[in-house]
Amino acid sequence: MNAQPLHFVPASEFRERAATAVADEHLRRSFRGAMDFLIGKRAAQFPDLAAFERQRALAEHIRKYSLARLPELLELLERRLTENGIRVHWAETPAEANGIIIDIARRHATKLMVKGKSMVSEEIELNHAMADAGMEALESDMGEYIVQLDGEKPSHIIMPAIHKTKEQIARLFAEKVPGARYTDSVDELIGIGRAVLREKFMAAEIGLSGVNFAVAETGTLCLVENEGNGRMCTTVPDVHIAITGIEKVVEKLEHVPPLFGLLTRSATGQAITTYFNLISGPRKPGEKDGPREVHLVLVDNGRTQAYADEQLRATLQCIRCGACMNHCPVYTRIGGHAYGTTYPGPIGEIISPHLLGLAATHVLPTASSLCGACGEVCPVRIPIPDLLVRLRGEAQHDARVGQRPLLGQGAARNLLIDAVWAGWAALYTRPLLYRAFGWLATRLRLLTPPRQSGWTQSRTPLRPARRTLHEEMAARTRR
Amino acid sequence: MSARDNILQRLRQAPPGPRPLPPDVWGQQAARTDAAGAGDRGERIRLFCEKMAFWRGEVVRTSRDDWPEMLRELCLAKGVRSLLHGERHAAALAGSGIAGLRCYDRPVEEWKAELFRDIDASLTSTRGGIAETGTLIIWPDASEPRLLSLVPPIHFALLDAGQIHADLLAAIGAQEWSGNLPTNALLVSGPSKTADIQVTLAYGAHGPKELVVLLLDGEDAR
């Protein structure tokens, strides 16, 4: 299944994809409806604004405290997990992470790996790497299963199949799931997925999962989910591999509840998810189930670049709730696929430049009206709009003195734009030149071109007034 | 250098920035719980039942002595033909008259297909509950394995009403989780569910389709 490699389209094609998405009425309605629903559910969880502010101040404090001690905490986490019998691996790049996982899989003669939801596994394109190595990686989260069955990518980090209607899913199942008949009852569709995937949980040699929080002091991996597929993946197969970014670690177990409480409330408006799964080791002698081997793969993939800069470090506070995308007017209109990256929406716009470099992603930080909604709802108070502005700048300029350049620094620089700004600066700092330009521009106004690059795609052309403001004011004074 | 060393070195080379003081999680907690009036046992039980019902978990009130009989009635009513349990409750269940008792007494490898296909329901203990969110605390062990609360379509859970804590943090503190965690600890709030198809809620995604809490309350037996 899904042997066809799916490669992310370069983000430079973002504008075209966005235009197509905006013209797609079905997609617009799906996202508008789903986002309004999630916005309403979240708002109902935070009736008291002052209490919400206290909770997120604490959550921000916990994340900042953890990040400030990140290298020590990662070492402590490694030590405690090792004591608990969990093997820890480190990967700087997606290729290294895939290599580690494929090695483990080969050692266990794996044919099938069942996967719980993991955005980092999407980030490293694990499913393709597994397919190339001749092994099947099957998504078991209902939404992820649906998009994988259709050869697609998730369009939302919490609700992967949000872009699909139940009729589309009904047709997909009838066509692709052996023995399934057409039904558009959601309960029956979930029943079909349940039956198919239960057989897979039994058959799989390896289960893979993400990690929501890694607790250093106790050596514990925490997983948040509603469906139970995460528990299946981490309990039924003989080997469990967890994969996560290096930023997910907290020091103490008591640092988890404030973050967990905000994560589920911000994500889906739930006070808690059905399951919260704390894994602190493989099956002990005498225990009758659980994996005999547990591995953790810690992935950098550009996170240390964000960490190296005091302002950009805030990006790593993220607990992946998705509230920023739910509230983003741009995301709601264009949907998750238009971004072309693993993480869509505002969080994707600020994290993708570190994962993929600004050369491939410089257009993403411009996909925002800077309305500020993302920053207001962020449960760990990441100043997303500030970081968007900062990254826009970094894409246009060389690194400041003493600053290490970002990957793809200055990639959006364009000679024409540089020349325009230089001309603008010259005019606006020389009064005589400015007046002469104004006189000329108003007299020759009929010569302004009707097509003005990107501006006239959806707007009327700009044309100077008959007289400059200075002239109008002078005339009025004379009267 | 290894990937590990490279990553740690890059993190250490970064400007240290401000070092925040340790967050005062317990202090903030105390202020919050006092305000919520969560100190009252009856109020915690009431809140737990309300929230568990919200997650579509059933709560049945019974007592420490009567629960096997209550369970027998529930199994009859739900048409349960096979009930899986751990060694811990084998004795109590033996005289209950429940049909199709099975004890999870072998490693899962030896009977995986049976566990997935032939078991209607399961019974587990719990380590307590959480009032704020209507949550069960389950710590699987050698006697009550992890899959007991996951694979069978109906999950019955015994909860001691005296072990209901105000919220997760209170439970972590009172039960001294730090340093004592089992290989797998679980919080369970209702039956398994998903809203992945058109944001429509459906129960029984991968785990149990029904969760029934047998609330053991000496002060309020039936």
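Two strands count as paired when DSSP finds at least two bridges between them. Within the pair, L84(B) sits opposite R102(B) in β3(B).

Chain B has an open sheet of 6 strands, laid out in the order β1-β12-β7-β4-β2-β3, with parallel pairing. At the edges are β1 (58-62) and β3 (101-103) of chain B, each with a single partner strand, so one side of each is left without a neighbour in the sheet. On average, and ignoring direction, neighbouring strands here are turned by 25 degrees against each other. Helix α4 (residues 67-78) of chain B packs on this sheet, where it touches β1, β2, β4 (121-125), β7 (154-160) and β12 (210-216) of chain B. The direction of α4 makes about 160 degrees with that of β12(B).

Over in chain A, a pair of helices is worth a look. Helix α3 (residues 49-68) of chain A packs against helix α12 (residues 256-268) of chain A at about 120 degrees, and their axes lie 9 Å apart. Because angles from 65 to 115 degrees count as roughly perpendicular and those over 145 as roughly antiparallel, that makes α3(A) oblique to α12(A). The crossing of α3(A) past α12(A) is left-handed. On the α3(A) side, the residues involved are Q55(A), R56(A), L58(A), A59(A) and I62(A), and they meet P258(A), L259(A) and L262(A) in α12(A). Sorted by class, this contact holds 6 nonpolar, 1 polar and 1 charged residues.

The two chains also meet each other. Chain A puts 71 residues into the contact and chain B puts in 61 residues. Helix α10 (residues 186-203) of chain A supplies the largest share of chain A's side, with 8 residues. That side of chain A splits into 35 nonpolar, 17 polar and 19 charged residues.

As for confidence, the model scores ipTM 0.96 and pTM 0.94. Chain B has an average pLDDT of 94, and 95% of the residues score at least 70. Where pLDDT is low, the predicted coordinates should not be read in detail.

Notes. Residues are numbered from 1 along each chain as its sequence is written. Chains are lettered from A and ligands numbered from 1 in the order in which they are written. This is a predicted model: local features need pLDDT of at least 70, side-chain atom pairs count only at pLDDT 80 or more; totals for chains, interfaces and linings use all residues. Helices (H or I, at least four residues) and strands (E, at least two) are DSSP runs, numbered from the N terminus. Axes are lines fitted to C-alpha atoms, for helices over the stretch in contact, and angles run from 0 to 180 degrees between N-to-C directions. Two residues are in contact if their C-beta atoms, placed from the backbone, lie within 7 Å. Angles under 35 degrees count as roughly parallel, over 145 as roughly antiparallel, 65 to 115 as roughly perpendicular and the rest as oblique. A crossing is left-handed if the near helix is turned anticlockwise from the far one by less than a right angle, and right-handed if clockwise. Ala, Val, Leu, Ile, Met, Phe, Trp, Tyr, Cys and Pro count as nonpolar, Asp, Glu, Lys and Arg as charged, and the others, Gly among them, as polar. pLDDT is the predictor's confidence in each residue, from 0 to 100.
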